[in-house]
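Me: I have a structure open and have not looked at it before. Can you walk me through it?

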Amino acid sequence: MNPAEQAALQERIAQAKTGNAEAWGELYREHAPAIFRFCRRAMPTREDAEDATMDIFIKVRQKLSQYDATRPFSAWLYTVAANHCWDLLRRRKLRQDLETGEVENMPLEHPDPGQLEQLLEKRSNQEVRRALDKLRARSRMALVLRYYSDMSYDDIATTLGVRRQFVGVVLLRARHELREILEGKSGARLAAGGAA
Amino acid sequence: MNHFDEMACLFYIEGQLDEARAREVEAHVAECVSCREMLHALQHETALLSSALTEDDEPMPARLLGERNRSLPSWAWTLAFGGFAACAYWFWIDAIGPWIDQLSNAGFGGTDLFSMIVFSGAFWEGWGDMIDAMQIGAVIVLAIVAIVWIRRRLRRSVALAVVMSGVLFALALAMPQRAGAAEVRRSQSISVPAGETVHNDLIAMGASVRIEGTVEGDVIAFTRDLSVTGHVTGDVIAFSQEALIDGTVDGNVRVFSRGVLLQGAVGKNVTAFGSSVDTITKANVGGGMIVLAAQADLDGKTQRDLLGVIGRTDLDGLVGGQAWIRGGNLVVASTAEIRGPATFIGREQPTVEAGAKLASPIHTEITQEIRRNRRSMAHNVISAIFSYAAALLVGILILAIFPGFFRATLRETGSIALPMGVGALALITGGFLLILGVVLLFVGVGAGVAGALGYAPILYVAQVFVGTWLGNKIMGETPAVMGAVAGRMAVGLLILHVARLIPFLGPLVGLVVALWGTGAVLMGFYRLSRVESVAGSPLSA
């Protein structure tokens, strides 16, 4: 975003803060598609994503006065969105995740780079998205925060409520889960390559 | 040579290593093919993830686009409002107006109504019940609000459980308070024996209720057999199988009962809904009578007007004011006397025996005979086909004119239990207030009918959403293409209409569809109102 656009955005935010409906409408139209796509990636169904998008913008409108203009607006938006979605997922998925909690403690085996390349080679975006949908909530959320919203490890740690050092493990574990799903759940083959 | 593990490689490509460590990795990778391949593979994976996640693969849903609200053509609104206004006007002129006039003729309208309500004391006595009812109504409305509020914070099933327990708790709290305002008796057989005086209102619930003594207040009875042979200074309000009023009631009698037999004296008005309503010669009603019954044998005296919707009427006694009767047939016996104008609307000419005293000849309107009995299966099928076509047409119109509302409501339909709960609460609240308005205070008639009118279209469109949901379940979810949605709607509605033809099961299906769909429609309205506030278009601010 060039400085002129940046200034225009800040101007709109300032106007929206004072209750200017026109400015808020502009902000909403500019950012809603990205937030909807974020929710679409993070939440399990399209309906959940639509509901979440609406709720997020209700929150944003209420919290707009708290926005610190020195931070990028879209980063702040993603933080609000991520907190909202994760809050929903955590409440909903807590039980399922606890049931599969033992997976967390299994050691990750070193994959064979050649086989990994081969696995990724033929994959379309759609296939990857379908596989992402099958991930556990936290794994999916971590990947979305990192590779869709471009969030820092610190912000991911805050959002997911894990220690900073643990973010890498969560991301790596998520990648492993994803590979297993892409492989058709026969995850053993990839890992069998062992350390190179 | 020490290889780097996958985690270190990931940290390296993500820029999470400190400078020294990053340089170590670079130096190692320059020489180690295996680690270089690992880095490449991870980078490839990152690129694939980013592109899969950020690809713009589906458009924003219409309901999230603020513009949608503005794009709805204004002629659609104008047409809808115009149509609604025309229907409301027609309904008022053709149906409600005459009815109110008749009520007024019978002594329940205009200044008569006002003076009767305000100065007769019934108005003041009624308030206690009215306030209790309003409190219960308020609890129910609060429950609906609470469902909506809690739903956003808890899982749906939990929310429903919390709210239901809350409602039960609130009602349980309300009961003892009610008991403080009146004496409540619950047992198999309740009796106020001769000589006993109850210095309070009496609410009686049991298989049989006998009032032989005196009740200085109202009697409200829920029972199989009610018999009042003593003295009640207030009103008698009863829901029973058989009701006998043989003593003296100073106030009004409002009875819902299969059989109503009036032998004593009633100071004010009588309203009786029943299969048969009879008054004997010595019975005397100080005010007017409203009778809705299959048959009525009226030998007693009614000092003011008689308003009846009665299948077969035998009038042997006195009507002090006007008589207006609608029904199958009317026999006015030689002992009868009608002091005001008399109107009969029915299938055949009334029989007036010689000796009957009439102020003027009975004004008679003959209606076409309608055969409602023994409808043939063919008739049922044909009417089902028409009803199916009408419902489908209404559904397609809603889909075309209000697509956002349609989608929102359809989605609410999908959560099954919640809309059913909301629908049940809404219909119970509405029905409760309607009955309350009609029975306890006649001022409620207009409001009650208006409330029912509001429900009628919602009840009708309920089937559209349940039908579409059913179609979706059978044929699979569909993208929002109008033709596909309409096709699923057609299939679902067809199944519902066929199911309704089945004896016994049919009405049950109808009830479930009504509750479920009504809840979904109400929740759809709620959803839509929320979208408009979020979309942030200038219109919504």
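Reply: One term to begin with: a salt bridge is a side-chain nitrogen of Lys or Arg within 4 Å of a carboxyl oxygen of Asp or Glu. Arg179(A) and Glu6(B) have side chains that meet this way, at 2.8 Å from N to O. Note that the model is predicted.

Me: Where do Arg179(A) and Glu6(B) lie?

Reply: Arg179(A) is in helix α9 of chain A and Glu6(B) is in helix α1 (residues 6-13) of chain B, so the pair joins two chains.

Me: Are those two buried or exposed?

Reply: Arg179(A) counts as buried, at 2% relative accessibility. Glu6(B) counts as buried too, at 3%. The cut-off for buried is under 20% relative accessible area.

Me: Which residues are linked with them in a network of salt bridges?

Reply: The network consists of Arg146(A), Arg175(A), Arg179(A), Glu6(B), Glu14(B) and Glu45(B).

Me: How many salt bridges over all chains?

Reply: A search of the whole structure gives 23. One of them is between Glu177(A) and Arg136(A), with the closest N and O atoms 2.9 Å apart. That pair links distant parts of the chain, 41 residues apart: Glu177(A) sits in helix α9 (residues 167-182), and Arg136(A) in the loop between α6 (125-133) and α7 of chain A. Glu177(A) is buried, with a relative accessible area of 13%, and Arg136(A) counts as buried at 18%.

Me: What about Arg224(B) and Asp225(B)?

Reply: Their side chains also meet in a salt bridge, with 3.8 Å from N to O. Here Arg224(B) is partly exposed, at 45% relative accessibility, and Asp225(B) is partly exposed at 28%.

Me: New topic. Which residues touch the most other members in the largest nonpolar core?

Reply: The largest nonpolar core has 82 residues, and those touching the most other members are Phe38(A), Cys39(A), Phe73(A), Cys85(A) and Met141(A). Helix α4 (residues 73-99) of chain A gives the most to this core, with 11 residues. There is a second, separate core of 47 residues, including Leu202(B), Leu226(B), Val285(B) and Leu298(B).

Me: Phe73(A) is in that list. What is it in contact with?

Reply: Leaving aside neighbours within four places in sequence, Phe73(A) contacts Leu9(A), Ile13(A), Leu27(A), His31(A), Leu64(A) and Tyr67(A). Phe73(A) is buried, with a relative accessible area of 4%.

Me: Let's switch to chain B. How many helices and strands?

Reply: Chain B has 14 helices and 23 strands. Of its 541 residues, 45% are buried. Its accessible surface is about 26200 Å², with 65% belonging to carbon and sulfur atoms.

Me: Which residues form a nonpolar patch on the surface?

Reply: Ile502(B), Leu505(B), Leu508(B), Leu511(B) and Val512(B) do, with about 410 Å² of accessible area together. Ile502(B) is in the loop between α13 (482-501) and α14 (505-535) of chain B. Ile502(B) is partly exposed, with a relative accessible area of 37%.

Me: Last one. Which residue has a positive phi although it is not a glycine?

Reply: Asp150(A) is one, with a phi of about 60 degrees. Asp150(A) lies in the loop between α7 (137-147) and α8 (153-160) of chain A, and is exposed, with a relative accessible area of 63%. Ile416(B) also has a positive phi, of about 45 degrees. Ile416(B) is in the loop between α10 (403-413) and α11 (417-440) of chain B, and counts as partly exposed at 32% relative accessibility.

Definitions and conventions:
Residues numbered from 1 in each chain as written. Chains lettered and ligands numbered in written order. Predicted model: local features only at pLDDT ≥ 70, side-chain atom pairs only at ≥ 80, totals over all residues. Heavy atoms only, no water. Patch = residues over 30% accessible without salt bridge, like charges linked within 9 Å, V, L, I, M, F, W, Y side chains within 5 Å. Areas by Shrake-Rupley, 256 points an atom, 1.4 Å probe, with all protein chains shown as cover. Helix = DSSP H or I, 4+ residues; strand = E, 2+ residues; numbered from the N terminus. Buried < 20%, exposed > 50% of the residue type's maximum accessible area, 1.4 Å probe, protein only. Core = buried A, V, L, I, M, F, W, Y, C linked by side-chain atoms within 4.5 Å. Contact = heavy atoms within 4.5 Å.
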